[in-house]
Amino acid sequence: MASNTDEIHKNLIDCLRPRLQEFITVEQVVNYLHFIEPAKKEQIRQKVGTDGNVIAANFLLDIVINEQHTVGWFRAFVDALIHGGSEHAADYLVNAPSPEVEAENDYCVRLIDLLAPSLANMKTKEVCIECYSKELLTTDDKEQILAKTKNNGNGIGAVELLSRIVKRPPGWFSTFLEVLRDTEHKDLYELTGGSPTETQEPGDKQPEAAAEICESLKSMEITATEEPQDESTEPGDKQPEAAAEICESLKSMEITDTEEPQDESTAGSDMAAAARDPELAEIVLREYQMDVARPALEGKNIIICLPTGSGKTRVAVYITKKHLDSRREEGKPGKVVILVNKIPLVEQHYSKEFLPFLKPTYKVERVSGDSQLKISFAKIVKKNDIIICTAQILENYLERANDGDDEGVNLSDLTLIVIDECHHTQKGGVYNHIMMRYLKQKHRNKRLIKEQKQPVSLPQILGLTASPGVGKATKMEKAEEHILRICANLDASKIMSLGDFKKDPRKTILTVEDRKQDPFGDVIKKIMSVIHQHAQLSPTCDLGSQNYEQWVVQKERQAAKEEDQVVRVCAEYLRQYNDSLLLSNTIRMCDALTYLNNHYKEQIKKKTAPEEEKIQITATERFLFNLFKENKEELERLAKIPEYENDSLSKLRMRILQEFSTRDEARGIIFTKTRHSAITLSQWIQENPKFADIGVKPSHVIGGGDQSDVKPMTAAEQKDVLKKFSTGEVNLLIATTVAEEGLDIPACNFVIRYGLVTNEIAMIQSQGRGRAEDSTYIVVDVKNSGVAEKECVNEYREGMMIKAIKKIRALKQADYDKQITEFQIQAIMEEKVRQTKQNQKAFKDESPSAVKFSCRHCTKAVCTGDEIHIIEKMHRVNVTPQFRKLFIQKENTALQERLLDYETNGSIACKDCGQLWGSMMMYRGIECPCLNVKNFVVNISGKKYSNFTKWNELPIKFPAFDYIEHASLMVQNMDDEESV
């Protein structure tokens, strides 16, 4: 009986899904869903951050409907809705409103949506408090609204308030009118249907209000419409007919699912933009922004070079709008693609810049590697006017079109390409691959024109950068050449810059003294020397240096190729000890020791297997385990003595304390080299009570790639930290180079580069993070880092770059064009030579069967290339029965992810030695062991390779995975098992 009741309740929820997802405030409700396991609740919270409230609500309902729950779950669900401020959603489940009441409520929600730009001018704080006193808002609602108002301004707070009150049970509209009247918002009160002389009681029904609304709409000027405004209508014209149509549609509309549910965060962005500019018609540029944009508005290809924080992206939005407007006026189609080089930038540009200003008129969409697309990228390009995506996605689909695939995209399909951080348009980069296609077609077009044939249309190009850099130049001529080559690669007719615009923050370089004693480092060096003797290795550089790391990596690769297991394993451990020496010069000794402890725990974990299996431990591995055990106690003792800590950490502590104690509202970023140091510095600050006493609230942000042993940050996690940083919940960000360029980080009043200096581009961009008045830029030296010297070199290179840009801008256009053409022809010729060499190097005549793979650790033969198949042109899998006998499967939560057609469920490792081989992937119901080439030594026709880190470096084409064949085989095997 209970199960039938559950089924009825679940069917009810499913039927009411369109309404429920509209009225549930997920962030509040999820805290009360005690019948859902914590891991699932965390997934729901992440959905709110990444995809918005509507999609998160849909995901929550999927979990409620599709999973088994404890007895009484339905009552608990209704209670969670009530306690979480979603009473209206709860009413639908327990006592659904009548159609009349539902229709009246829909009128009011629609009206608030239409009038949002005007309502955004309310005194948000006063309205919020009054709404709370009349129980129109919950305590959590009030806190969220007031926080947004304080941190982001009145308009954004108003947006948040409006988005929450429309989810209240019917009757909210009359109460809201009363609030507007009581808080002396006479104009807004009358605009939303309130009478100047008469008022309604809060409990009155709303049809009369709705009727008054329609009457008032007939005379008002409509400024926000869903569809693009007809060009024949002048902006100042009154629109009584449109108002009448809206009233009629309000009276007859029935809320249904839209084709693509609008993300609430997206809606918020639109309303926020409306608050900034009620008509959303024009983007107002400052004078210097208009100066640099002018050639692009004339249709020319240009590079805009402006400092971080000077509004380059806003200029790009303006140019995009004018480009599409002009093409529409000419009756021509327009298609704009904005290319970025990092996944988080896709969402940032979409929600903060392009969508708020352009959506009322144009269709805007974003696509990245994090997107779970239900239609192909080619169809997304066809359906939308503006597409924001990572460059690799466009390159992939350009290649498809080149191969004759109907699902490809051609450059001729586009009319404008905006390239963010365009200084990356150099050899080997994906931006350059795209632009090389452009340049080749441009020069083919010249030939077509000579032959009196129709040339292929090409898009306008707009490049954005804070600094093109000078490459490896040491002289002015080479610096000019480097910048001109970037201009040539982007086919730029000009580079637009403002030489005297940039205002540098005050700079300080803090040098450090060497430790008088370093007994902790001495013990590690002693261990390394013992390992050198065991493996008969003679290093040629200082221990604890970058040179030593390069030397030991080379030794590991060479030993793997030669199947010298002793040297290979020792080299692997030596690298970890070298890293710990580097860490002890950057962070606390106890953090360096924790790093070593974690490494040893991981190695021991590798050697553990299910009871029926036994993983071998070699004599060398036992020697290394014992060596660490023998010295661990001494390292632990030394790590506790503060006198032996490095001077860099003392300097950093002093500077943080100084910044936070001398400023009213300090906000800063510390850049550091590795993910591990970013995380441990954040922990160090959190654990130090002195920092907490002066209001330091730290957090870290690191990259999303998996090239490091440290678990990467997801785009959602990065977004969450940056959001907290923007609201002031976090006021000190510890970051790797991921935060140097592109990411939208609020103005800081101090930036510290801690033992990290790369090139002049990074220096300029990290300085640009300190955009607040009276900001400071500090470089803290770290032993063996050489940052003080490198910083001086970068300052010289920055000066050289500025002079080079000025000289290029001073060139006569004819001289500039001539040099650009020469560099373009040279680039095309170099590309042809490179392609020819690559074709010659490729193993054209070799079949996959000529490739053999052996375990990198124990050298055991694993499989041949003809056993490997490729899924979605990306995942190399081996599903043969003989391969399954060679590995064990281990749980690895860091690897677990769920996508549209497949999910990853842990790792696979060698049954003999425990060496990691890859991951176990569930692809449409079939378990597929997925291999990572870096874990193997590859033998191609007798020649061994140990340096492959990615499959695309391996010049062999593997056959595509035949899903139907393997699925049929699985079904047949199941039938055979059942018949036995």
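Biologist: How many bridges join β3 to strand β4 (residues 386–390), and what makes them a pair?

Modeller: Four bridges join these parallel strands, and two strands pair if DSSP finds at least two bridges between them. Val364 stands opposite Ile386 in β4. Strands here are DSSP runs of E, at least two residues, and helices are runs of H or I, at least four, numbered from the N terminus.

Biologist: Good to know! What should I keep in mind about the model?

Modeller: This is a predicted model, where local features need pLDDT of at least 70, side-chain atom pairs count only at pLDDT 80 or more, and totals for chains, interfaces and linings use all residues. Residues are numbered from 1 along each chain as its sequence is written, and side-chain values use heavy atoms, leaving out hydrogens and water.

Biologist: Why are α6 and α7 called roughly antiparallel?

Modeller: The axes of α6 (residues 73–83) and α7 (residues 87–94) cross at roughly 150° and come within 7 Å. Angles over 145 degrees count as roughly antiparallel, under 35 as roughly parallel, 65 to 115 as roughly perpendicular and the rest as oblique, so α6 and α7 are roughly antiparallel.

Biologist: Is Glu421 buried or exposed, and how do you know?

Modeller: Its relative accessible area is 6%. Buried means under 20%, exposed over 50%, and partly exposed in between (1.4 Å probe, protein chains only), so Glu421 is buried. Glu421 lies in the loop between β5 (416–419) and α22 (430–450), with phi near 50°.

Note on methods: Axes fitted to C-alpha atoms, helices over the stretch in contact; angles between N-to-C directions.
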